[in-house]
Structures are given as C-alpha cells and as structure tokens.
Amino acid sequence: MDLSAINPVLLIGAMIAAATPILLAATGELVAERAGVLNLGVEGMMIIGAVCGFIIAVNTGSPAFGFVAAAIGGAGLSLVFAFLTQATLANQVASGLGLTLFGLGLSALMGQTYVGIKPPSMGPGPFSALSDIPVFGRILFGHDALVYLGLLFVATVWATLKHTRAGLILRAVGENHDAAHALGYKVKRVRTLAILFGGACAGLGGAYISLIRVPQWTEGMTAGVGWIALALVVFASWKPWRVLLGAYLFGGITQLQLNLQGAGVAIPVEYLAMSPYVVTIVVLVFLSAEKSRAPGCLGRTFHASG
Amino acid sequence: MIRLEKRPEPSRTMSYATPLLAVLATMVFGGFLFAFLGKDPIEAIITIFWDPLFGEFAFFYRPQLLVKAAPLILIAVGLALGFKAGIWNIGAEGQYIVGAICGAGVGLAFYPLESWVIFPLMALAGAFGGWAWAMIPAFLRVKFGTNEILVSLMLVYVAEQLLASMALGAMRNPEGRGFPGSRNLSQYESAHNAELIAGTGMHWGVVAALISVIFAYVLLTRHRLGFAIRVTGEAPRAARFGGVNPGRLILFCLGLSGLLAGLAGMLEVSGPAGQITIDFNVGYGFTAIIVAFLGRLNPLGILFAGLLMALTYIGGDIAQSQLGLPAAAIQVFQGMLLFFLLALDLFTNYRLGFGREAAA
C-alpha cells in the first residue's frame, strides 16, 4: 500500500466532482419534498438523464446539448410521476418505485447501441485560467461549468425558498395543502412544477455521471446515487445549505474509497465499495435522533373535494 | 364538466377489474413499444403471453413458470403484509442475497458430507439471514425512527458487495480453476433443491410459496395480527388507540418479509441458480414489489400476479431469442404494468362525475 500516491490537491478536486451529481439530484428532490411530494424515482430520473445526455452529446458532438437533453429527459420521466400522483392520486411511494424500475429498463433499452463509445469532452471549465494558482487554484477554479451550476442551484433554491413569494407558496403547499388550497393556491400546479424541477435536476446529475465522471455509458451506471441523494435530503433536514455540506461529505467518501482502492489498501475492494452506503445509513441513524422537521404534508395525496 | 367524486366505499368490482385492465393497457402500449423497436407487435405479444403456455415448446416452458413464479410469490407475500400496514421494505433484493449467502454457506460448510439434515439446516440459515438483514432497518426504525425505505435500500448495495466478496473470496470453489463462483450445489445431493416431481418445475420453493400464500391469507382474514396490520395501514391513529403496538408491528412485518425473501434466495441458489456467483440474483426482490401491487396486496391475488410476472419473464426470454427483442424491453414492459395499475387504481376509490356538482 502506498498512500503517498494520493495527491491531496487532486483528491479534493475529485471529491468536489464526485459530489456534483448527488448535489444536483438532491437539490431537485429537496424542492419537490418542500412542496410535499416524496418522489422515490430519483434513481430512475438520473439514469434517464444519463442516457439522454449521452445519446444527444454523442450525436451532436456537444456536451452542452447533452445536458439540456438530460434535463428534458429527467423532467419528461418525472411528468409520468406527476401524472400518477397528482392526476390519478396514486400512492407516491409506489409510483416513485415504479419510476425507478421503469427508468432503469428504459435507459438500458435506449442506450444499448451506445455501450463502449466515448462522449465528446467538455473542454476547460469557465475559470480554468485561474486554476494555475498553486493549490487553491486547482481546488477552487479547476472544475467544469456543471460544478459551479450546482452551487448556483443551491444558492438560488435557498434564496427562492426563503425570500420570495413563490418560495413561500411552495412551502405553504408542502406544509399544509388544505390551508394552501383554501387560500386559493393551486396545490397540484405547484406540486407538478416542483416535480418537474426535481426531474430536470436529477437528469442533469445523471448526465454528469455519464458525460464527465465516468465518462461512458453502461447499464445501471448511477448505481444508487439517486438513493443517496434521497437520503441526503433527510440528512439535510430539508435545508439547501446542508444539502451542499452533505453532498460534499458523501462525494468525499465515494472518492476517498476509490483512491484507497487505487492505492492498494489492505481492505478488500468490496468492503471499501460498501462504505458510502454504510456511512449513509449511519448518518441517517444519527440524524433521525433529532426529530427533524419534514414538511407537514410530505407524501400525502391532495384531492380538493376530499 | 367531468370531475372526480370519492366513492363512499371502494368499489370491489373495480379492485378486481383494474389488474386485468392494466394488463390489457400494458399489452397495447407494449405493442407500440415493440413496433417502435421494429418488431411485429402482435407476434411479440403472442410470443410473450401465449407461446410459453400453449406454444409448440410449452412442455419445456410450463415448468419454468413455477420455477420463476415461486421466488416472486414468496417475496411478494411478505412485502404485501408490510405495505398493507404502511411499512415499506424495498430492500427485499438485499435480504434475498443475504439469505442465499447464508444458506449456501451452511451447505458448503458440510461439503462433501451427505446427510438429510443439511438441506433443512440450509433453509433455516437462509431464512435467518434474510430475517437478520431485514431486522437492521426494522431495529433502526423502531429504536431511532430512521426511515426504513432508505435503510433497506442502501442495504441492497451493501449485500451486492458482500455477494461479490463471497463469490470471489470466501466461497469460491477451490476446484474451480480460479473462476469466480462457489461450488455448484446442484451437484451436491444433500444441498440440492431438486425437482420434487420430475419435469414439473415443482421444487421446495414452490411448496414454500404456496404455504406462504395460505399462511398470509389466514393471518390477514382470521388472525388478530392481520387485523392490526389492516387497521394500521388504513388508520394509524385508530390502531394505536385500539392497542396496536406500532414498533412490534414493524419488527414483525419487516422480519417476516426478510425471512421469506431470505428463504427464496436460499431456495434459488441451491436450485435453479445452483451456485453463488456475482450476479446470480436477477432482481426478483424488485420485481416482487410490482407483483405485490399487481396482486392488490392480497395473498391470493399475489399468487396469480406472480404467475403472470413469471410468464412475462419466460415470454421475454423467448422473444429475446426468437425475435431479437432486447432484454431491457421486458423490464420496461413490467414497469409500464405497474404504472397502469397505479393510474387505473384511481377508479377503485373515485368515480367520474358528470355535470355540475350538487349544491352541498
């Protein structure tokens, strides 16, 4: 084992990149959950985003188009969830699970002729000129645009939820849909929009994995990142800034165990690969002790005449 | 103007009709999907739903129906009890894997000793493994209030890594010339879950599945515990006032579903799969969720739903080899089935009202 093979600057840079898909997906899910919708289909929307982004990026040669397509793909699949839960009043847990199973199948079907292809590369990030500054330059400025977009999303979601009228309405719908309805807000419309936003974010996160992190297409490549994102929203007690913290923590663990595998630590690879999931469980246990404040109507179905 | 009216009571007719309507809708939309993939939709549907039962080679496929349906039914029956009470174990796949590892582990430990006690011991170990794996989310939920959905699912990924480690390490066949995977249990008589009646596909898993259906049916309709499960699902507060201990119910439902999933895993690995390999599990734990809903969370319904889902697996395999239909298309097909079921379920509790709402 040779731990000196791990360069701390590169490691931190890679941790930030590893955190980005989780961050994007979790931010989207946070918005949906604040509106009172529990969408367990994050994994499915991510993998659809991953495959849509990959296909479009390969065919157009532009990763940017790929990411747009990924957002549309993720939102498209979330529309199915919105229809099931908002129009036909189906159980949210079952619908979300269905979305994940369906998404995994559909993505495998769509991507079967794309296995083993290399996607076009992103090119240098927006601040790459500054990344030559020793140590901090690489960590702070050496990333691609999506990393900064993720940060921007968190800030925007935080500001919107806390300081705008739209955010207030969204939270009202999530806390008490009957009261929000009585005040004349369109509960279903707000929730549908929140679901779509969640889907688009998950799609972006998925495409980040297939276009930048890996970069390749393989079946089931999101490997539970969507579920970790879901856990992260609980971890964050439905607060955007804590999502950021959590994403970096989990991204860090994922990357660290990969680096430890590479450095040949005496722990078997499989046990290292388990670690992000085990840590997620441990963290969930610690956080469930403080009775965190979930949105009041999370997971409950709303029907006006009911 | 069309609007939704809540029915005073859920419609019994619709609750029986929705699974059938959902299957029909899936056939139609699945047909579109197959046509889009460049296959003849009618031929594909016939290949999937008709050929395994009545086609030229049906004598070969019919036994497979039982082999594939048994684990699905066994897992789904356990899941349905929990789902009814609002306890969401979605990590059955993990419990299935751990059950298989424990069961196979006991069998491999006795190799090459031949004795009739080995198989029952393996079954006990498998059931125990699944139970223990499910007790992790159950215990955490009861003790700390941790979300059982997320924990049980995370444990699937942990179990998959554990399986990989077993197949490549501790349980690897010492005479396997370095190939990953354990000894083949089907060549070890005392540990083999063989066909009970040759040529029927009837193995111990099928027996266990039938027993579990009867057990769950009696539990739900005739036993106090079944009543507690139903009340908790429909009115948790009323259940609590009625003296139901929610913690105990969680431990029971998660434990039982884990036990059945573990047993299914052990019976699969000692029978149809034969050995512990990295990917001997094929997602029955997840498909069983669809089976549970398709069967209306009712044990008898699950019996039929399991057979139907097994049919799509077998038909899918045939369509794959004969028509070149991709394997993933069947997964999409199964996902669609769940969607249609959930959407059509609306009409069990609601009906369409026409005209203006009567003045209240």
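At which residue does H1(B) bend, and by about how many degrees? Please also set this helix in the context of its domain and of the core.

A: This is a predicted model, in which local features need pLDDT of at least 70 and side-chain atom pairs count only at pLDDT 80 or more, while totals for chains, interfaces and linings use all residues. Residues are numbered from 1 along each chain as its sequence is written, and chains are lettered from A and ligands numbered from 1 in the order in which they are written.

H1(B) bends at B:Thr18, by about 35 degrees, and a proline, B:Pro19, follows within four residues; the bend is the angle between axes fitted to the seven residues ending at a position and the seven starting there. Helices here are DSSP runs of H or I with at least four residues, and strands are runs of E with at least two, both numbered from the N terminus. The end C-alpha atoms of H1(B) are 36 Å apart, which agrees with the 36 Å that its 25 residues should span at 1.5 Å a residue, the expected span being 1.5 Å times one less than the number of residues. Just after H1(B), B:Gly38 takes a positive phi of about 85 degrees.

The buried residues of H1(B) are B:Thr18, B:Pro19, B:Ala22, B:Thr26, B:Gly30 and B:Phe34, where buried means that 20 or more other C-beta atoms lie within 10 Å of a residue's own, exposed means 12 or fewer, and partly exposed is in between, with C-beta atoms placed from the backbone. An α-helix has 3.6 residues a turn, so residues three or four places apart point the same way. The buried residues of H1(B) pack against helix H2 (41-49), helix H12 (284-294), H14 and helix H15 (346-349) of chain B; a contact requires C-beta atoms, placed from the backbone, within 7 Å.

Turning to the domains, chain B is divided into domain 1 (1-37 + 330-360) and domain 2 (63-325), with bounds that come from an automatic or database domain assignment. Their centres, taken over C-alpha atoms, are separated by 29 Å, and 10 residues of domain 1 of chain B are in contact with 9 residues of domain 2 of chain B. On the side of domain 1 that touches domain 2, the elements giving two or more residues are helix H1 (12-36) and helix H14 (327-344) of chain B, and H14(B) gives the most, with 6 residues. The residues on this side of domain 1 divide into 8 nonpolar, 2 polar and no charged, where Ala, Val, Leu, Ile, Met, Phe, Trp, Tyr, Cys and Pro count as nonpolar, Asp, Glu, Lys and Arg as charged, and the others, Gly among them, as polar.

The largest nonpolar core has 227 residues, and those with the most contacts inside it include A:Ile22, A:Leu232, B:Ile73 and B:Ala76; such a core is a set of buried Ala, Val, Leu, Ile, Met, Phe, Trp, Tyr and Cys residues joined through C-beta atoms within 7 Å. Helix H4 (residues 58-84) of chain B gives the most to this core, with 16 residues, and the core draws at least three residues from each of domain 1 and domain 2 of chain B. Leaving aside its neighbours within four places in sequence, B:Ala76 is in contact with B:Ala288, B:Val291, B:Ala292, B:Gly295, B:Ile302 and B:Gly306.

Terms used:
Contact = placed C-beta atoms within 7 Å.
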